[in-house]
Amino acid sequence: MTTSRLPGFHNLSRAERLEAVAKAAGLDAAEVARFAAASEAEGELADHLSENVIGVMAIPLGVATNLIVDGEEALVPMATEESSVIAAVCNGAKACRASGGVFTSADAPRMIAQVQVIGLSDPLAARAKLFEREAEIGALCDQCDPMLVSLGGGFRGIEARVAGGFLILHLIVDVRDAMGANAVNTMAERLAPHVERWTGGRVGLRILSNLADRRLVRARAVWPAAEIGAEVVDRMLEAAAFAFADPYRAATHNKGIMNGISAVGLATGNDTRALEAGAHAFAATRPGGYGPLTRYEKTAAGDLSGLIELPMPVGIVGGATKAHPTARLALKVMGAKGADRLARVIAAVGLVQNFSAMRALATEGIQRGHMGLHARNVAIAAGAEGPEIDRVAAEMVARREIREDVARALLGR
């Protein structure tokens, strides 16, 4: 590479930026053409969604079937490049259909904005002063977004605590069908000079928290022992206990849950990083430290009962959810006309995804099913094209040798 210093790069057109990168990185004509071809359909949209765009990287968009959430059928678009994620949701959802599918409950869509107050000689007294001004704080917040208030949302209260030598003020805001980051950030910034005047301190950071623990969603389901096997129920309970006892296992357990949740979040234009951060932070708040987001137990009838609870800061208005046409279509396919329904369906996906992953781990092991689906990716990486992909993948699965060197040998390369 010649240099990463490219003055004026952001002012160039997409084609000019690609040309500059190609020159700096030594890309050949075929590689440049690949970038250009990939961005033909939605390059202009990408230019408005991100910065310094040179192309578009497509993620496969699939649909999970078989899911029933609160008595309603749901087709669920999922954007993911990882093999077996969508299949796991389909299989887990099918296995609990006989017991009615997944049932959910959800908190009101309340988000938290944090205001950090520094330099206080008497932080406890300053805290008390903020509570004395709560009605005034609420009025100032609601003035920031009259439309939100007209839709039934807006300011819901404050929390305040002293930690780290400064005062932390929380604004609790009902954001309705929005994810809510922009709304609560605006309120926190508008409030900052007033907080300084009331407390005598200096406001430092003022921004939302991604630990959205005032916006929890719970989902539960029962998988009949007659459907999955009594021995499997017991083995899955052992697997669940492992995640509860050990944070190293819990991290991978929760990663599997987020495979499903983030895929739906991405498909619907939601902030997958916020979903991930909130979920893992919430998992760390349990007594004893970081633990699993799901719990399992055996019912009196011997069936497997599962429950998930986690923050779900998602929206159907604002941001990429509205700006990206595919995201809007994904919401239509799902039938999610409000953020509440979207949040419930996503939580259901996380639960059934986790069920399928644990069932595989507790029985045949994760590799048989996962690597069978992954074999096509390995074949493509080895250079397989068209009909070669399935042929090579099938042969590797039969040999139980799913590696790129094996794929290359099968291709004669």
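**Close-up views of the predicted model**

**View 1. The largest pocket has a volume of about 1400 Å³.** The model shown here and in the other views is predicted. The pocket is lined by 46 residues, and those closest to its centre are Gly 269, Asn 270, Ala 320, Thr 321 and His 324. Seen by element, two or more lining residues come from each of α3 (43–49), α7 (146–150), α8 (181–199), α11 (247–267), α12 (272–283), α13 (319–323) and α14 (325–334). The lining comprises 27 nonpolar, 13 polar and six charged residues.

**View 2. Helix α6 (residues 134–143) packs with α8 at an angle of about 150°.** The two axes are 9 Å apart. Because angles over 145 degrees count as roughly antiparallel, α6 is roughly antiparallel to α8. The crossing of α6 and α8 is right-handed. On the α6 side, Glu 136, Ile 137, Leu 140 and Cys 141 make the contact, and α8 contributes Met 187, Leu 191, His 194 and Trp 198. Six residues of this contact between α6 and α8 are nonpolar, one is polar and one is charged. Helix α8 also gives two or more residues to the lining of the largest pocket.

**View 3. Helix α17 (residues 387–399) crosses helix α18 (residues 404–411) at roughly 125°.** Their axes come within 10 Å, and the angle makes α17 oblique to α18. The crossing of α17 and α18 is right-handed. Residues in contact are Glu 388, Arg 391, Val 392, Glu 395, Met 396 and Arg 399 from α17, with Val 406, Ala 407, Leu 410 and Leu 411 from α18. The contact of α17 with α18 contains six nonpolar and four charged residues, and no polar ones.

Note on methods:
Residues numbered from 1 in each chain as written. Predicted model: local features only at pLDDT ≥ 70, side-chain atom pairs only at ≥ 80, totals over all residues. Heavy atoms only, no water. Axes fitted to C-alpha atoms, helices over the stretch in contact; angles between N-to-C directions. Helix = DSSP H or I, 4+ residues; strand = E, 2+ residues; numbered from the N terminus. Parallel < 35°, antiparallel > 145°, perpendicular 65-115°, else oblique. Left-handed = near helix turned anticlockwise from the far one by under 90°. Contact = heavy atoms within 4.5 Å. Nonpolar A, V, L, I, M, F, W, Y, C, P; charged D, E, K, R; others polar. 1 Å grid on protein atoms, 1.4 Å probe; cavity = no way out; pocket = protein on both sides within 12 Å on 5 of 7 lines; lining within 4 Å. Points joined across faces, edges and corners; volume = space filled by probe spheres on them.
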